[in-house]
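Please report on this structure in short running text.

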Amino acid sequence: MGAVRERAPALVSGNSTRLLLLFALLPLGAFFTVLWFGPMFYTLVMSFFTDPLGSAQFTGFGNYLDVLTGDTFPFYLWNSVLFAVSTTVLSLVVGLGFSLVVNEQLRGRQGLRTLMIVPYLLPTVVVVFLWTLMLDQNLGLLNQALVEMGIISSPIAFFSTPGLAMPSVITASVWKWGSFAFFIILANLQAIPDAYYERAQVQGASPWQQFRDITFPNLRGAILLILLVRGIWMFNKFDIIWLTTRGGPINLTTTLPIRVYDLAIRSGAFGSATALSGIMFAILAVTGVLYFTVMEPEAEVKD
Amino acid sequence: MAQEITLNDIRKQFGDIVAVKDVSVTFEAGDFVSLVGPSGCGKTTTLRMIAGLETPTAGRIHFDGVELTETTPQERPISMVFQNTALYPHMTCRENIGYGLKIHGIPKAERNDRIEEAADILQIPDQLDKMPGELSGGQQQRVALGQAFVEQPDVLLLDEPMSDLDAKLKEELRVEIQRLHRKLDATVVYVTHDQNEAMTMSDRIVLMDDGEVAQYDEPRTLFDRPNSEYVATFIGTPTTNVLEFEVEGQTAIHSAATIDLPSTLSTYSRLKIGVRPRALTPGKGTFGLDLTIDVIETMGHEHAIHATTPDGETSVEFVVDDVDDFAVGQTVTAGADLSDLLFFDETGAHLAYGSDLATTQEAGQR
Amino acid sequence: MFENRTGGPGGLVSSRTQRRVRRVALYLTALIVTAFIVTPLYVMIIVSLQSPETLFSGGELTLFSTELSLSNFRTLVTETATPRYLLNSFIITAGVVLVSTVLAVVSGYGLARFSFRGKTTTARLILFSYMFSPIVLAIPLYIIFFNLGLLNSHLAAIFSISAIAAPFSIWLMWQYFQNIPVTYEESAWTSGATRWRTIRDVVLPLARPGYVSVAIFAFSVAWNDYTMVKIVLSEQALYPITLGSSLFLDQLNIGWGEQMAAAVVMSIPPFLVALFLQNYLLQGFNLGHE
């Protein structure tokens, strides 16, 4: 109430305060320098050399040109985008649909809510185990069911069949990360005051109109957040793809992170690997700028 | 021992905003002083500078002649009650009240004695072992007062401690705070936006306006002899009526009234005249305001009548004991004597008190 | 104004039928999603609890069985390095939780309570690093750790996992401290408590829910991590359970039963955490976590 006041408290001058400030922010600085700026700078430097760990020779943008002009880059980029977009959108659809269901007066909704957190808690490796078994050619439940129903004549190796490998990875991913969207949307749904709906009902709005005019506008921020943040994370995903397909068959599930790993760890081609890292860095930076401009997430901590 | 507090040209800037503009006042040792004013007038900032929670951009602060401008809150002989109580949710009320004593290394037995004494005075002995979250708003505020009281500070600072409470609780706590003040040997500085609280509790009041001291006086003086239109309208309920008059010759003219001016005031071309609602009485007085009644509010034993001047531009309020003779839409003439009037210039600066003029007039007639 | 109403008086379908259809649709959706989630979980548990003989008795997986046994778990302990992997997981996870939580509490307090230039930039950097690709970060870390001779050590695993766990932890603590009114601290100062004492008596107790959430988050990142350890660890004896058990996928002597048993084992710690600390758990969904 009082008077004009600074949000961050103006501190009493004194040495102990300065010491405390130093003490508090020094580890942060050290952390980012050693584990982020240092490595990223190192990556960017390496990307301008051929064979950076051996007979390093400066080549300018040579590595970048090689990566960008090679005929595989657009293909890997497409795989990344396909994987990121479809997992994100499907997670959103599942999450939105199911949170709308759980938000209703439904028997056992509490149990459903708890259930939804389970896939999220499981380590990715476990999810991979489950889905390799579910989709296994010899013993998998899905193959059994499809064969019994007569939809297919012989069992399919889902993770190694072109055309089915990517959808299979996507299915397993949605199973694990769909609940992210679910919980965010559910929290936002529950935050919409009942009075909004009551007023709309009194004014004669149909359920669809209520969804369109009240529910959806109130969820817009959450949906945008999910699309952006989840999208970026899925774009960066390595573990679930690597563990299920190793990027195969015939590179059909090789996304940019898988490619970086292949180049660096498997082939030891650090020049190309770091150049590709630099390109991913640029892509993420652009998305980051978009995220900061649209969502202004830093407003939550600024005074 | 209560200490005298001196603020010397205190200034506080937050970026481009000047919250407090060169304030100089002295609070006498043992006084109950209120800092009052609307939101954003700089009263809380001033209190926080006395506490040491903010350092002034310029100026000096002395306690009993000792300069403390740059010292930390820990080094000052103060305790403070915060607007939101600031009771620690992870400590019981007993621990909350005793926290300051614990910091100062008071042994546990003595601590408990003092906590219980404070709790008795504040009528919360049964609440001591509860957590603050289990208490009502009023009880929480009592614990917060107890927390400040047990330290027996030389200076007690209170930052709008009652602004979140309902009217009945406010009245109770008002009495409680005054009782504490009597028991403590301390200078009390009390920040509030409620002039009524300030008027009833204080020895002296600092009325602030936009970072400056509008007037620093005893409550009665503030009411009787406001030194500007701002003070006259801020202090007292219902608020003072102010009408703007044109001066022609010796007469001040308004659509509601014409008033013969003393010669000292007839040099102005326009001036403002203030009159308190309780000073206006229908059918009485030497000057009359012609008014049309808009709204009648009943306040129990008295009634507030809201009316409009004939030009329709100014609202005037007056208070009557009996409402039977009045009806909405009716025209009345509400009168007052010269001694009830307050004279300001166009900008609202003080010109003369009607009471002074009346005395001189009487003296002249004699 | 009201002509668009489909239900109610004058609507095409009676509102009663409409409501009934809606209910059926709701329960049907709930049923499908539940089946989608529960089936793999059920398969995991039922497969892990059957001996190889009963599991494949009919040529297909036995999914409904009363002959349950713990033989798979026994095999895991006696014939694989699972106990070693689990121990490694605990060491690495404990290290990450400690590093991330301490860093988050200290930095969060500093960021929330002190005013300095460049706060917006700092906030953006933290958020950006949180969105960053782990694999892109892992490559240079691999080389740096190699040069420092730290590659293939638990320390390397702890630091590289902390690198991806800390940004969000710091962000969470920053927000948390920001929401603790500073008057609590001011009140302690006016009572005579020093800054350090205030931090001990007031700030840390009030921040408890915040750092418990952060610790849970760091735990789940570390326990779940595969990518970072895959790159910085190459010696099998140092592998955590995620990396170690992923080898089972290619090992012929390890069957589905043992694999599912391993899956159950590594799912237990997160479930225990969720069970005992569920109130803190959803706090992490504020911005969400991996």
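In α1(B), the buried residues are K43(B), T44(B), T45(B), T46(B), L47(B), R48(B), M49(B), I50(B) and A51(B). Buried here means that 20 or more other C-beta atoms lie within 10 Å of a residue's own; 12 or fewer makes it exposed, in between is partly exposed, and C-beta atoms are placed from the backbone. The helix spans residues 43-51 of chain B and is mostly covered, with 9 of its 9 residues buried. Helices are DSSP runs of H or I with at least four residues, strands are E runs of at least two, and both are numbered from the N terminus. Just after α1(B), G52(B) has a positive phi of about 90°.

The model is predicted: local features need pLDDT of at least 70, side-chain atom pairs count only at pLDDT 80 or more, and totals for chains, interfaces and linings use all residues. Residues are numbered from 1 along each chain as its sequence is written, while chains are lettered from A and ligands numbered from 1 in the order in which they are written.

**Backbone exceptions**

Most residues other than glycine have a negative phi, and most peptide bonds are trans. The table lists exceptions.

| Site | Backbone value | Location |
|---|---|---|
| T85(B) | positive phi of about 70° | loop between β6 (78-81) and α2 (93-103) of chain B |
| T237(B) to P238(B) | cis, omega near -15° | P238(B): loop between α8 (229-234) and β11 (241-248) of chain B |

T85(B) is buried, with 23 other C-beta atoms within 10 Å. N152(C) is partly exposed, with 16 C-beta neighbours inside 10 Å.

**Domains of chain B**

The domain assignment gives chain B domain 1 (5-227) and domain 2 (238-365). Such bounds come from an automatic or database domain assignment. The centres of the two domains, taken over C-alpha atoms, are 38 Å apart.

**Helix packing in chain A**

How do α4(A) and α7(A) pack? Helix α4 (residues 109-121) and helix α7 (residues 165-190) of chain A meet at an angle of about 130°, and their axes are 7 Å apart. Axes are lines fitted to C-alpha atoms, for helices over the stretch in contact, and angles run from 0 to 180 degrees between N-to-C directions. The two helices are therefore oblique to each other. Under 35 degrees counts as roughly parallel, over 145 as roughly antiparallel, 65 to 115 as roughly perpendicular and the rest as oblique.

On the α4(A) side, M116(A), I117(A), P119(A) and Y120(A) take part. They meet W175(A), K176(A), S179(A), F180(A) and F182(A) of α7(A). By class, this contact has 7 nonpolar, 1 polar and 1 charged residues. Ala, Val, Leu, Ile, Met, Phe, Trp, Tyr, Cys and Pro count as nonpolar, Asp, Glu, Lys and Arg as charged, and the others, Gly among them, as polar.

**Chain contacts**

Residues are in contact if their C-beta atoms, placed from the backbone, lie within 7 Å. Between chains A and C, chain A supplies 75 residues and chain C supplies 76. Helix α1 (residues 15-46) of chain A gives the most to the chain A side, with 15 residues. That side divides into 56 nonpolar, 14 polar and 5 charged residues.

Chain C also touches chain B: 15 residues of chain C are in contact with 18 residues of chain B. On the chain C side, α8(C) gives the most, with 6 residues. By class, that side has 7 nonpolar, 6 polar and 2 charged residues.

Key
Two residues are in contact if their C-beta atoms, placed from the backbone, lie within 7 Å.
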